[in-house]
Amino acid sequence: MKTLLIMRHAKSSWKDTSLSDHERPLNNRGEVDAPRMGAALKDLDLTPTLIISSTAKRARKTAEYVAENCSYDGEIRLERNLYHAGVDEFIEVLQSVSDEEEIVMVVGHNPGIAELVDYLTDRPEGMTTANIAVVRLQVESWDDLDFDTEGELVRVLRPREL
């Protein structure tokens, strides 16, 4: 059994309208929420063995803050195709993960993040910024993850509930 942590990036800033969507940073709330979510993962003994993030600045920074605060000691794998990805792209990226990785976190954007949670668990969740869905997958190998895989939604961590 594998555990998948599905995280929507923390709250981003729209302050600088000259920036492209890909380069938007986190706002003050995002810079507070992302580290708190990392600490929550550590407290729950859910430190990822691998973090994979969209290349968008707000997702990268979210992943970095989470990593720093959950005692993650690996490198963050950046995937350009997770920028505005759908379920297909997430599954394709996850199928390439080494079977040594037991707890994998993906950091991305809506609507793809919410669609992934719904697709794997058949439980639609409002994945607002910095939310993390904890999903148990009935697979022994990441390569076995496909469109027939059924996951169990264990819980959704939300910054406002910490």
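The model is predicted; local features require pLDDT of at least 70 and side-chain atom pairs pLDDT 80 or more, whereas totals for chains, interfaces and linings use all residues. Residues are numbered from 1 along each chain as its sequence is written, and side-chain values use heavy atoms, with hydrogens and water left out.

The protein chain contains four helices and six strands, assigned as DSSP runs (helices H or I, at least four residues; strands E, at least two) and numbered from the N terminus. Their order along the sequence is β-α-β-α-β-α-β-α-β-β. The radius of gyration, 14 Å, is close to the 15 Å given by the globule rule for 162 residues, so the protein chain is as compact as a globular protein of that length; this radius is taken over C-alpha atoms, and the rule is 2.2 Å times the number of residues to the power 0.38. The C-alpha trace spans about 45 × 30 × 30 Å along its principal axes.

Of the 162 residues, 54% count as buried (under 20% relative accessible area, 1.4 Å probe, protein chains only). The mean positions of the 19 positive charges (Lys and Arg) and 31 negative charges (Asp and Glu) are 11 Å apart, each charge being placed at NZ of Lys, CZ of Arg, CG of Asp or CD of Glu.

Asn131 is buried, its relative accessible area being 0%. Beyond residues up to four places away in sequence, Asn131 touches Ile6, Met7, Arg8, Gly126, Val156, Leu157, Arg158 and Pro159, a contact being heavy atoms within 4.5 Å.

Methods:
Buried < 20%, exposed > 50% of the residue type's maximum accessible area, 1.4 Å probe, protein only.
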